[in-house]
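Thanks for coming. I will take one model today and go through a few residues, then the core, then the cavities.

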Amino acid sequence: MPVPVFFLALAVFAMGTSEFMLAGLVPEIADALGVSLAQAGLLTSAFAAGLVVGAPLMAAVARSWRRRTALLCFLSVFVVTHVVGGLTGSFAVLLVTRAAAAVAYAGFLAVALTAAAGLVPPDRTGRALAVLLGGTTIACVVGIPGGALLSAAFGWRAAFWAVALLCVPAVARIPDPPVTAKPSGLRKELAELRRPVLAGTLLLGALVNAATFGVFTYLAPLATGLAPVPLVLALFGVGCFAGVTAAGRLADRWPGRVVVIGGLLLLAGWVVLALVPAALPVLAFPQGALSFAVGGTVIARILRLASGAPMMAGSYATAALNVGAAVGPVLGGVVAPVWMAAALVAVALVLAVGLGSRS
């Protein structure tokens, strides 16, 4: 695997850590800046909104740039927002920096997905994406506890400085992969979304990610009284990393089988967990692994299907994932999160079978 792919993954890890760490910092930020907990919670909402909007918007803005230029620009903006956020005493300024950081993160990930795929032969795309997405899954594991530990030892600002410093090594090794397909007009690339197979696969990715984050958001209350919460979170996060890593190889050879077989196993696991909540400590690892194995395979499929939109393909995948990550927790707060996940995966499986008959 080319070394620059690992540095892209390091940057994605730092950015993902910033997304997750805020969960453990909100009370201290509220106290330090003199705002209510509800107001401080808007920092999370601003980041989520920036992620959904940022991917297609930034990819469209930077579509004519060299990939190295785009990646450096997004990474630099992300670092600056964290430096400013670590210095400011104004909640309004911090809120703006969180939204700007999310937009930069979404733009970086959108370009990084296509850049990583461009650094390897087509038959290794899944492996390259597995390395890149591995940064996100590790952030899932260490983001919340890491931010909380830094905050407890040095104050909440230390977490912002740590994220900024994590990005620095990646700056020196940002790759400049060639564009393997000739860029077309923006209107033509957007027209790719009208293709039923691509649109359906984007919906498939959103459904799987909504199920994953709909449960992940409520893992702590689900685990209370069954096992130590940090242990369950760690098992789920390590499972996510293991799943996306294993699927990296399988997705290049048998993507359809990974989605259908993995989806069936994932559905079975959610149903068992819904019926037997005490099984959570046992199922946390395999459910995390299956969730990201299926999700990572769908991302690779999106990039292949969107080859007619070489500059926007990564943004389509990123937007689908972020829509799922935003919708899942909302749905999980309305209905039982595990049953919600089971229902979404069941719909995703029906959709996957239908898409398979078209491709």
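**Residues, core and cavities**

A300 sits in helix 13. Before I go on, please keep in mind that this is a predicted model. A300 is buried, because its relative accessibility is 1%, and the cut-off for buried is under 20%. Along the chain, A300 and R127 are 173 residues apart, yet their C-alpha atoms are separated by 9.3 Å. Helix 13 covers 280-305, and I will return to that helix when I reach the largest cavity.

Next, H82. This residue belongs to helix 4, which runs over residues 67-87. Is H82 buried or exposed? With a relative accessible area of 1%, H82 is buried. What does H82 touch, once neighbours within four places in sequence are left aside? The contacts of H82 are S18, R98, A101, F160, V163 and A164.

For contrast in position, take A49. A49 is placed in helix 3, residues 37-61. Its relative accessibility is 43%, so A49 counts as partly exposed, a class that lies between 20% and 50%. From A49 to A210 there are 161 residues in sequence and 15 Å in space, C-alpha to C-alpha.

Now helix 5, which spans 91-118.

One is T114, located in helix 5. T114 has 11% relative accessibility and therefore counts as buried. Where does the side chain of T114 reach? It reaches the backbone oxygen of V111, at 2.9 Å. As for distances, T114 and C140 are 26 residues apart in sequence, and 22 Å apart in space, C-alpha to C-alpha.

The other is F108, also placed in helix 5. F108 has a relative accessible area of 0%, so F108 is buried. Not counting residues up to four places away in sequence, F108 touches L8, A11, V12, M15, L71, F74, L75 and I174. F108 and S90 are 18 residues apart along the chain, and 27 Å separates their C-alpha atoms.

That brings me to the core. How many residues are in the largest nonpolar core? There are 115, and L8, I29, F108 and W270 touch the most other members. Helix 5 gives the most to this core, namely 15 residues.

W270 has its own list. Setting aside neighbours within four places in sequence, W270 is in contact with V215, F236, Q287, S291, V338, A341, A342 and V345.

Last, the cavities. Searching the whole structure gives four cavities of 30 Å³ or more. How much space lies in the largest cavity? About 300 Å³.

The lining of the largest cavity is made of 21 residues. Nearest its centre lie T136, N209, F213, F292 and L321. Which helices each supply at least two residues of that lining? They are helix 5 (91-118), helix 6 (125-154), helix 9 (196-216), helix 13 (280-305) and helix 14 (313-334). By type, the lining residues divide into 11 nonpolar, nine polar and one charged.

Technical notes:
Residues are numbered from 1 along each chain as its sequence is written. This is a predicted model: local features need pLDDT of at least 70, side-chain atom pairs count only at pLDDT 80 or more; totals for chains, interfaces and linings use all residues. Side-chain values use heavy atoms; hydrogens and water are left out. On a 1 Å grid over the protein atoms alone, a cavity is a set of points where a 1.4 Å probe fits but cannot get out, and a pocket is an open set with protein on both sides within 12 Å along at least five of seven lines; lining residues have an atom within 4 Å of a point. Grid points are joined across faces, edges and corners, and a volume is the space filled by probe spheres set on the points. Helices (H or I, at least four residues) and strands (E, at least two) are DSSP runs, numbered from the N terminus. Ala, Val, Leu, Ile, Met, Phe, Trp, Tyr, Cys and Pro count as nonpolar, Asp, Glu, Lys and Arg as charged, and the others, Gly among them, as polar. Buried means under 20% relative accessible area, exposed over 50%, partly exposed in between (1.4 Å probe, protein chains only). A polar contact is a pair of N or O atoms within 3.5 Å; within protein, one must be able to donate a hydrogen and the other to accept it, and residues adjacent in sequence count only if both atoms are side-chain atoms. A nonpolar core is a set of buried Ala, Val, Leu, Ile, Met, Phe, Trp, Tyr and Cys residues joined through side-chain atoms within 4.5 Å. Contact means heavy atoms within 4.5 Å.
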